[in-house]
Structure formats: structure tokens, C-alpha cells
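Have the model open while you read.

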Amino acid sequence: MRKFLFILALSSLSCNKEVKNTESENGVISESDLYSVINSLQNCALKGTIYYSENDTPYDKNFIETYKLDSIFSTEDVDFFRKQMKKATDFKLDIRKTKCDRIITKHNINKMRLESKTDEIFWEKIRMKYGPLTCLAYIKLPIFSKDKNYVIFSSNYSTGPHSLGGSIEIYKKINNKWKRFHSLSGWVS
């Protein structure tokens with residue numbers, strides 16, 4: 001009986017490993033990998049920053065060509081990026097899995113926008129509720145290289161009705177910590 005239970009446990013472990021590999025090859029990244037990046041790159045220490053939900057706009061169809069990712073990464077990585085990018089609009093940030101306690105959901109942001117006639121009124125409501133230095137920040141689904149040692153992280157920030165900025169960065173895992181490796185884009189308006 002013990003041998004049977006041991007073989008059963010061993011076979012279930014090998015089946016789970018096979019499923020994870022298949023998921024990885026299909027462009028699905030585990031939640032633990034995803035939230036390890038999100039939690040290490042979000043800077044919740046900034047007093048006025050509120051990170052909220054996801055930016056569910058899809059990656060531009062020419063994203064890889066625009067940022068010349070095929071000159072930085074292997075063909076396998078680029079194919080893996082494409083698979084993940086197709087899933088970007090399905091990205092739903094699970095606030096409970098983040099380490100930041102200053103998060104408001106995209107639903108609440110959209111509700112406040114609908115209740116406000118202008119951007120100025122929206123920002124007045126945000127500042128009244130969350131403080132005068134509030135900055136709204138949102139992220140796209142981070143996309144990983146096939147070996148999960150690189151990640152592309154896209155974020156945008158707004159500090160008022162006429163103040164926007166953002167960046168697209170490549171981070172590299174070094175000694176189990178994510179370090180900025182290369183900037184693909186940065187903008188301010």
C-alpha cells in the first residue's frame with residue numbers, strides 16, 4: 001500500500017510539472033512569477049502614489065518592431081512575448097496579492113470618472129478623498145522572456161488632468177532581484 005501511495009504521489013508531481021511547462025510554452029506565466037515582478041517594481045513608498053488596477057489596452061500590434069525587441073532578444077523570446085501580449089487585455093490585477101496598501105480598483109476609478117463632468121472635477125474628488133499629492137499609476141501585463149530572467153514592464157502615471165507620463169522598461173533578474181536593464185521608452189506630457 002505504501003508503494004502504491006508513493007507512486008501515486010510521484011506521478012501526480014510529474015503531471016503537475018508537465019502542466020506548468022505546457023502553460024509556460026503557451027505564454028501563460030504563473031501568478032507567483034507575475035506578482036513577484038509587480039511587487040518588486042511598484043514603489044508604494046511614495047506617499048502620494050496610488051497604484052490601481054490594470055491598463056487593459058492591448059499591446060500595439062507593432063510593439064515588437066517599434067521597440068526592436070527582435071534585436072535584443074532571441075526569436076524564441078519574441079514568439080513568447082507575442083503569446084503573452086495576446087493575453088494582455090485579460091489581465092486583472094488581484095489587489096490581495098500586491099504588497100501595496102494604497103490601491104483603488106479600476107472599477108472605482110471609472111465610477112468616479114463617470115460621476116465627474118470634467119477631468120478637473122474628477123481630480124478634485126481624487127485629491128479630496130486620497131490627498132493633495134495623489135498620483136494615479138497603472139500597469140500593463142508584464143511580459144517575460146522564455147527563461148523568465150527578463151521582463152518588460154509598462155506603466156503610466158497621472159498627477160492631474162493635464163499631467164501624464166509613462167515608461168516601458170526591461171528589467172533583468174540578478175541575484176533574485178529585478179534590476180533595470182534597458183529603457184525602451186519614456187514620456188511626459
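The largest pocket has a volume of about 260 Å³. Its lining counts 13 residues, and Ile29, Leu34, Lys87, Phe91 and Leu141 are the closest to its centre. Before going on, note that this is a predicted model: local features need pLDDT of at least 70, side-chain atom pairs count only at pLDDT 80 or more, and totals for chains, interfaces and linings use all residues. Residues are numbered from 1 along each chain as its sequence is written, and side-chain values use heavy atoms, with hydrogens and water left out.

What is a pocket here? On a 1 Å grid over the protein atoms alone, a pocket is an open set of points where a 1.4 Å probe fits, with protein on both sides within 12 Å along at least five of seven lines; lining residues have an atom within 4 Å of a point. Volume is the space filled by probe spheres set on the points, which are joined across faces, edges and corners.

Helix H2 (residues 31-41) gives the most to the lining of the largest pocket: three residues. Helices (H or I, at least four residues) and strands (E, at least two) are DSSP runs, numbered from the N terminus.

Now for the second largest pocket, with about 190 Å³ of space. Phe63, Tyr67, Lys140, Ser154 and Ile168 are the closest to its centre among 17 lining residues.

Here are both linings by class:

Zooming out, the protein has seven helices and six strands.
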